[in-house]
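Here is my note on the model, as numbered points. Please read it with the structure open.

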Amino acid sequence: MVISTEPKILALDFDGVICNGLLEYFQTTKFTYTQIWNEHSSEFLNTFADSFYRLRPVIETGWEMPILLRALVLGFNQNQMQDNWTNLCQKIIVSDNLNKQTLMTQLDEVRDHWIHSDLEGWLKLHQFYPGMIKKIGEIIRSSTLLYIVTTKEGRFVQQLLRKQGVELPKKNILGKEVKQPKYKILRHLIQENYLLDNQLWFVEDLLKTLYKVQQQSDLKEVKLFLANWGFNTSKNHDLAKSNPNINLLSLEQFNNSYSSWLG
Ligand SMILES: [Mg+2]
């Protein structure tokens, strides 16, 4: 089989690959938290910021963020949170009688309200990783098709890119509104463009998401990359390294030519 040294489609995750929104996550989380649990002051919640930043890699979707802060406030053991997040998160959901869908809506409402009332302030809390905007510009001008595949609402991504002078059509930003797991979105992109699975490259910072792609028999040849600059841990890096189908990618490699990505 011919291994192409450049992708026909490059699919990039947004949070933790293109953009670091940690500061915004915490603020949005805090606003949402105080709507659900109102017994704590903003100052008190601020004391959990560092732990929140450290534990952010455990989170898969935005609605889990207020639960993560809740777990910290409740004093759960942080190692336990690291190793057993899914169960612990579920436990809090049940004990506090919460609903994922409602949490998601609340979080997006907080974000929308913030964007409408203080767009500049909101944008300022997002940092694009070094070299990223230049690189994205180069990809857009190249023959590779760029798609952003994210669990964030697409409209937020478009706002952030626009602020940096990057215009990416809406059809190239596949966000939460698509309501499909990422592997299904990738499958659709391959089919829609009449490609083979090995012509799509996918960069993501959540190992679990890469595993799910790997498990699809028709997506076995998709080139998978774990962005080591994103929200993941050295343990994740080791797991990626020991997996023959996942490439651990550094930001330096990312900013370099495609051939160096596989090196
Ligand atoms: Mg991510």
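1. Which residues does Arg155 touch, not counting residues up to four places away in sequence? Arg155 touches Asp112 and Lys170. Contact here means heavy atoms within 4.5 Å. Arg155 lies in helix α10, residues 154-163. At 33% relative accessibility, Arg155 counts as partly exposed. The cut-offs are these: buried is under 20% relative accessible area, exposed is over 50%, and partly exposed is in between, with a 1.4 Å probe and protein chains only. The C-alpha atoms of Arg155 and Leu72 are separated by 30 Å. Along the chain these two residues are 83 apart.

2. A word on the source. This is a predicted model, in which local features need pLDDT of at least 70 and side-chain atom pairs count only at pLDDT 80 or more, while totals for chains, interfaces and linings use all residues. Residues are numbered from 1 along each chain as its sequence is written, and side-chain values use heavy atoms, with hydrogens and water left out.

3. The overall fold. The chain has 15 helices and 8 strands. Both are DSSP runs numbered from the N terminus: helices are H or I with at least four residues, strands are E with at least two. The radius of gyration is 19 Å, close to the 18 Å that the globule rule gives for 263 residues, so the chain is as compact as a globular protein of that length. That radius is taken over C-alpha atoms, and the rule is 2.2 Å times the number of residues to the power 0.38. Along its principal axes, the C-alpha trace spans about 60 × 40 × 30 Å.

4. Of the 263 residues, 54% are buried. Take the contacts between residues at least 6 apart in sequence: 67% of them join residues at least 24 apart. The accessible surface of the chain comes to about 12,700 Å², and carbon and sulfur atoms hold 50% of it. Such areas come from the Shrake-Rupley method with a 1.4 Å probe; for residues, only the protein chains shown count as cover. The chain carries 29 positive and 28 negative charges, and their mean positions are 2 Å apart. Lys and Arg count as positive and Asp and Glu as negative, with His and the chain ends not counted. Each charge is placed at NZ of Lys, CZ of Arg, CG of Asp or CD of Glu.

5. Domains. The assignment gives domain 1 (9-19 + 129-261) and domain 2 (22-124). These bounds come from an automatic or database domain assignment. The C-alpha centres of the two domains lie 25 Å apart. Their contact takes 17 residues from domain 1 and 19 residues from domain 2.

6. Helix α11. Where is its cover? The buried residues of α11 are covered by elements that include β1 (9-12), β4 (145-149), β5 (173-174), β6 and α12 (207-214). Those buried residues are Lys182, Tyr183, Ile185, Leu186, Arg187, Leu189 and Ile190.

7. Gln199 lies between α11 (182-192) and β6 (200-204). Gln199 is buried, at 19% relative accessible area. Leaving aside neighbours within four places in sequence, Gln199 is in contact with Pro7, Lys8 and Ile9. Tyr194 also lies in the loop between α11 and β6. Tyr194 is exposed, with a relative accessible area of 75%. Its phi is positive, near 55°, in a residue other than glycine.

8. Another positive phi. Asn97 has a phi of about 55° although it is not a glycine. Asn97 is found in the loop between α6 (85-95) and α7 (100-117). At 71% relative accessibility, Asn97 counts as exposed.

9. Glu204. Leaving aside neighbours within four places in sequence, its contacts include Asp13, Lys182, Phe225 and Ala227. Glu204 and Ala11 are 193 residues apart in sequence and 8.6 Å apart in space, C-alpha to C-alpha.

10. Lys124. This residue is found in helix α8, residues 119-124. At 64% relative accessibility, Lys124 counts as exposed.
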